[in-house]
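Look at the structure first, then read the points.

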Amino acid sequence: MTALFAMVAADHHAIMDLFDEASRHATLALNWQNGHCLVGNYCYRGNSRTQLLSQFSLPQGNIIANASAPLSNSELSEQFSAEPAAISNAITGPHTVFTWHNPHKLLFASRDPLNQHALYYGKVGGVTVISSEASFIAKLMPKQPSLNTTALSCWLAGQPNPALCLYNEINTLPLGTSLSVSPHGNVTEHTFWDIDPQNKLAPASDGTYRDTFLDLLKQCVSSHIHPSDSLVVSQMSGGMDSTSITALANELLTEPRSCRALSHLYSHSASCDESDNIKAMYQKLGLVDPIQITVDAGAHRDFMSLYPTDYDSPGTVLSPRYHQECEIIQAAGGHRLLTGNGGDEMCWGHASAYTERLFKGEFGVIAEVLKACKQTGMARWPVARSLFVKPMIPQWLLNSAYALKGYTPSDIPAWLTPEAAKLATDASKITNPFNERKQPVGYARYQALKTTSTYNSVRSYQKVGWQYGIDVAHPFFDPRMAEFSFAVPGKQLIRGPYPKWLLRNAMQNHLPESVCWNVKKVTFDNHFGQLVKDNAKPLRELLSDTRLASLGLVDNDVLLNAFDAAVGGNGVSVHVDLLYAILTQRWIQQHH
């Protein structure tokens, strides 16, 4: 998927002058223009897959779209007539779309509701520029855009907000939002998609939920594969998400089309090793010629070279490992990489589902949870206290108890200054349509969907894939999947010792039992922890940089003490908040 951009202004000469300036920074192609607007695309290595760029001329306007799935002229035309700001509702799969509405003299810019693509916008002189990358806009500005301290505080708190751009003069579209721009510079954001808390499926049997979900997941995988794809590569660890996507893609791609699995192996972190599950998948699916990459050996042990950050975000890392994968896919003739990203957000559920069931009079859930604790090796009393005792206590009483103990519960790392902590805390408060006390599952899942950090991985693969003409798609991040998962009862998503219960139930005939009903969740804490310890000296020098401290965001002494304690301790894992601080410092030093 190539990067798209648009320029809108009342003065056509100003647009063309800015286009000429942009041509000095990247190889541009002009796709469409009129007196007030132009739309183009750009790439870095000339590997743009232009066959995925579609243009439609309608009686009252024009549509330029970059999409994975085939587009329907009639559906686009119907949506254009009804509500052009919601044009993305007529497109499935990851996409970016620019729509010029001639009667209104407006450009509408949009992308898939769940942010598989990004769109940024800003003003350069009298021209409004919209682009897939913030860096494209920044290079056209007369001076470097200033840093957004609120967005930076969120990163340093380990709670990056995907709705915030790191630059004050550049904005990013939140999920489910499109943009309209007039030639005179009037900019308006429009919400075209969101979760409806009133949307609930009629009560059904486990089998009905399972069959409906499986059919939907197949549709999502299918819509993220283009008919021109003869080969699709699918990332496949031994976990539920990537194995499910790989199994369904393999089923959909009948000969002569094929699916190849791409798996990561860990030679230095036994706790991350999923090779047994991967081998079981090869045997179950009859996968041939799989791609295997050892990701924690040799050059992949150097943190600084392994995680170079992109200008747009500290979490967008242009890792040489991703380049290696894309080079292999390109050499094999592939143009599509599928991942299991989004599986946690859509399928995991939330532990408060057990609490909701108890509140509704399902007293057997207590025995179910205690049995699950035994199956998973979790201590029963802390779990029972968290799920069944604490929720019964009014929040004001809990706050009073905390105050008497001199304890203030907080998820904010100690190295943030009070000012930065307040900025991060305030930015984490989003409008949530679910009631926190009465609908804790919906409330928690909606908060996670709006603030998930998985988009960092999505952006990283997308940015690298662009350079090789490879589209990276994440079928779980589909609005149909989100709507369904919020509409089913919480018991369908998490039950007994099994988070992702509905996904497991749906995939049990497609996956080996050892994969489908595995209760062990593989995490990569030890991998990252050992990596940090192996690179302790350069990382400490990195964290010693005082630029974030000079912005009033970080107490360097506290941060360095936390780092020293982490690398000097007996344990291997490093708290994720510290990784966010490292990436943010890396980004500051690389780009500012």
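Six strands make an open, antiparallel sheet, ordered E4-E5-E6-E7-E11-E12. Strands here are DSSP E runs of at least two residues, helices are H or I runs of at least four, and both are numbered from the N terminus. Two strands pair if DSSP finds at least two bridges between them. This is a predicted model: local features need pLDDT of at least 70, side-chain atom pairs count only at pLDDT 80 or more, and totals for chains, interfaces and linings use all residues. Residues are numbered from 1 along each chain as its sequence is written, and side-chain values use heavy atoms, with hydrogens and water left out.

- Strand E4 (53–58) and strand E12 (187–191) are the edges; each pairs on one side only.
- On average, neighbouring strands are turned by 15° against each other, direction ignored.
- Axes are lines fitted to C-alpha atoms, for helices over the stretch in contact; angles run from 0 to 180 degrees between N-to-C directions.
- Five bridges join E11 (residues 177–181) to E12 in the antiparallel sense.
- Opposite Thr177 stands Thr191 in E12.

**The helix across it**
- Helix H2 (residues 73–82) lies across E4, E5 (61–67) and E6 (95–101).
- H2 runs at about 55° to E4.

**Ile329**
- Helix H9 (residues 320–331) contains Ile329.
- Ile329 has a relative accessible area of 0%, so it is buried (under 20%; exposed is over 50%, partly exposed in between; 1.4 Å probe, protein chains only).
- Leaving out residues up to four places away in sequence, Ile329 touches Val233, Leu262, Gly334, Leu337 and Ile470 (contact means heavy atoms within 4.5 Å).
- Ile329 and Ile470 are 141 residues apart in sequence, yet 8.1 Å apart in space, C-alpha to C-alpha.
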